[in-house]
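My notes follow in the order in which I looked.

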Amino acid sequence: MLLLPLYYLLVSSFKDNGDIFASPLAPPDVLSLRKFTTSLHDARLDLAIANSVIVTVLSLAMILLLAVPAAYALARATGKVAAVIERAFSLGFLIPTFAALVPTFLLAAQLGLFHTRTFLVLFLPATSLPLAVVLLTQFMRTVPNEVEEAARVDGAGNWTVLVRIYLPMVVPGIVTVLILSFLAFWNEYLYSLVIIGPDEAQRTIQVAVPTLRSSLSTDFGVLSAGTVVTLIPVYVVYAVLQRRMEGALMGGAVKV
């Protein structure tokens with residue numbers, strides 16, 4: 001069920017429209033990269049991929065910068081205030097994506113960041129921050145208090161304890177957050193379309209690919225090739241982090 005759509009998408013990238021409709025599952029007669037080069041040229045997918053990489057990498061860095069200290073503070077805090085703050089992060093799961101569209105649009109316009117990648121880099125981490133903080137908090141609570149107390153006896157401060165004690169012990173949680181956030185940021189379409197729009201110089205890959213489709217005449221081979229290009233980074237990341245990904249996701253499910 002998973003391989004058949006991928007196979008169909010891949011073989012369609014080497015066919016013309018007639019061959020796609022006549023024999024959709026048959027292998028292509030000729031393996032030519034013409035459809036791929038056409039999609040890269042017509043929609044400037046090379047530039048769109050670069051934009052997506054910039055937005056995704058910077059957003060991931062923002063997630064770690066904000067979520068790790070917040071999770072550390074919540075994991076070791078006691079009292080009602082900490083409990084209320086943690087529940088406030090959990091409430092982020094209840095906000096539908098489209099519900100924040102209009103306020104986000106107005107905020108981008110007021111800040112003068114409309115039609116810029118900068119606003120996406122600042123906004124996308126906020127969409128994944130609730131999950132990141134809640135998940136990392138659960139991982140950090142598994143770190144024994146005795147380890148932290150031993151470090152403090154040796155004179156370690158909060159930042160030293162966080163960097164040298166907690167971070168190495170919660171690597172599976174961090175990997176889980178990075179994987180889930182990467183998939184969310186790379187595949188994000190709605191806000192990228194609204195905030196950046198059709199600006200060829202700044203649009204992301206998910207916004208660029210649909211421009212290969214026309215209401216009058218669409219080369220589905222070129223469209224399939226462009227879609228394959230968008231999937232390549234995801235499969236590269238999966239191939240590199242396959243074992244760590246499976247272990248991190250299983251560990252995160254058990255701890256949560």
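I began with the largest pocket, whose volume is about 530 Å³. A pocket here is an open set of points on a 1 Å grid over the protein atoms alone, where a 1.4 Å probe fits, with protein on both sides within 12 Å along at least five of seven lines, and lining residues have an atom within 4 Å of a point. The volume is the space filled by probe spheres set on the points, which are joined across faces, edges and corners.

I noted 21 lining residues, of which Ile 95, Thr 97, Ala 126, Thr 127 and Ser 128 are the closest to the centre. The model is a predicted one, where local features need pLDDT of at least 70 and side-chain atom pairs count only at pLDDT 80 or more, while totals for chains, interfaces and linings use all residues. Residues are numbered from 1 along each chain as its sequence is written, and side-chain values use heavy atoms, with hydrogens and water left out.

Helix α7 (117-140) and helix α10 (171-186) each supply at least two residues of this lining, and α7 gives the most, with 8 residues; helices are DSSP runs (H or I, at least four residues), numbered from the N terminus.
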